[in-house]
Amino acid sequence: MTVDALTDVAGLRVGHATRAGGGWLTGTTVVLAPEGGAVAAVDVRGGGPGTKETDALDPRNLVQKVEALVLTGGSAYGLDAASGVMGWLEERGRGVRVGPEAAHVVPVVPAACVFDLGRGGDFRARPDAALGRAAVEAAHASAPGAPVAEGGVGAGTGAVAGQLKGGVGTASRRLESGVTVAALVVANAAGSAMDPETGVLYGELFAGRRVAYPAPERHEAALRRLAESAAVNAPPPLNTTLAVVATDADLTRAQAQKLAGTAHDGIARAVRPVHGLDDGDTVFALATGDRALGPGPLALNPVLAAGADLVTRAIVRAVRAATGVRGPGGTWPSYGELYGD
């Protein structure tokens with residue numbers, strides 16, 4: 001049984017920690033690898049990234065596998081959430097062994113953040129180590145293959161896509177080879193996820209099925225409401241779309257790096273403009289290595305194509321799953337409020 005989520009890659013678990021209300025609108029999401037870790041890579045293309053431990057993922061460097069990834073709100077302040085995840089892993093002896101005893105480990109926990117400062121009303125309300133620990137505990141407590149909550153949860157709590165409310169989205173696919181590929185995104189883009197001429201989500205134009213265009217009068221009403229919200233909201237100074245693309249295929253670190261890079265195509269199909277100086281667009285790749293990739297140097301191609309497609313679909317799901325927000329930090333209607341299902 002599959003749930004169309006990142007957790008369809010056997011062994012991966014996802015946990016959210018969410019803080020909303022009382023000045024808060026932020027959170028943290030943790031992707032927990034199977035014990036022993038997964039091959040990981042990263043590709044950063046936005047001009048304003050906020051990251052931690054991404055250099056460790058360079059295939060030329062020492063670390064071979066990671067135990068967890070952290071996606072978090074709070075801009076660079078929120079990267080402190082990774083410290084809580086490191087502490088939790090250290091207590092269980094999970095990490096890079098650096099000494100003679102099993103407890104002598106250093107967990108390498110790559111992390112990336114989105115900008116959501118002040119969106120709940122309090123600029124200082126942002127994730128910390130305790131919130132990171134809560135997210136990894138939620139991941140650990142989840143059942144294998146459990147559904148993943150989408151919309152305004154975890155790192156997507158304060159996410160905004162253009163003038164629409166953004167959030168977390170996820171999707172998966174099993175290839176003809178039997179390999180599973182999946183993606184999880186935090187859609188928090190400076191660019192728009194929606195075509196302003198028609199109201200259709202850009203990502204749905206690449207879904208391979210018939211697109212239902214909103215009625216002109218409904219689209220005009222939606223544009224008026226978006227303009228009203230934009231007039232009272234502070235301009236978003238920085239944003240970022242984050243993604244994790246995962247597979248159960250046995251990839252080398254270089255192949256995982258290629259997967260992270262091509263998955264950015266999925267963001268470019270769903271958001272315009274993308275990869276600007278006011279975004280920190282970052283894609284991680286994870287490979288658990290449970291299935292052989294297949295013979296020949298081109299066996300990776302179907303995984304690469306699926307990764308990009310799933311990022312696009314996950315962004316659509318994030319925007320469609322979001323619930324609108326009206327509060328002291330701003331007003332961001334959801335796509336569903338404006339256009340329905």
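Let me start with a term: a polar contact is a pair of N or O atoms within 3.5 Å, where, within protein, one must be able to donate a hydrogen and the other to accept it, and residues adjacent in sequence count only if both atoms are side-chain atoms. We'll need that for Thr 28.

Hi everyone. This is a predicted model, where local features need pLDDT of at least 70 and side-chain atom pairs count only at pLDDT 80 or more, while totals for chains, interfaces and linings use all residues. Numbering runs from 1 along each chain as its sequence is written, and side-chain values use heavy atoms, leaving out hydrogens and water.

Now the sheet. Strands here are DSSP E runs of at least two residues, and helices are H or I runs of at least four, numbered from the N terminus; two strands pair if DSSP finds at least two bridges between them. Five strands make an open, mixed sheet in the order β1-β2-β5-β8-β4. At its edges stand β1 (13-21) and β4 (51-52), each with a single partner strand, so one side of each has no neighbour in the sheet.

Is Thr 28 buried or exposed? At 0% relative accessibility, Thr 28 is buried, the cut-off being under 20% relative accessible area with a 1.4 Å probe, protein chains only. The Thr 28 side chain makes a polar contact with the side chain of Thr 72, at 3.0 Å. Finally, Gly 132 is 104 residues from Thr 28 in sequence, yet their C-alpha atoms are 6.2 Å apart. Thanks, all!

Notes. Buried < 20%, exposed > 50% of the residue type's maximum accessible area, 1.4 Å probe, protein only.
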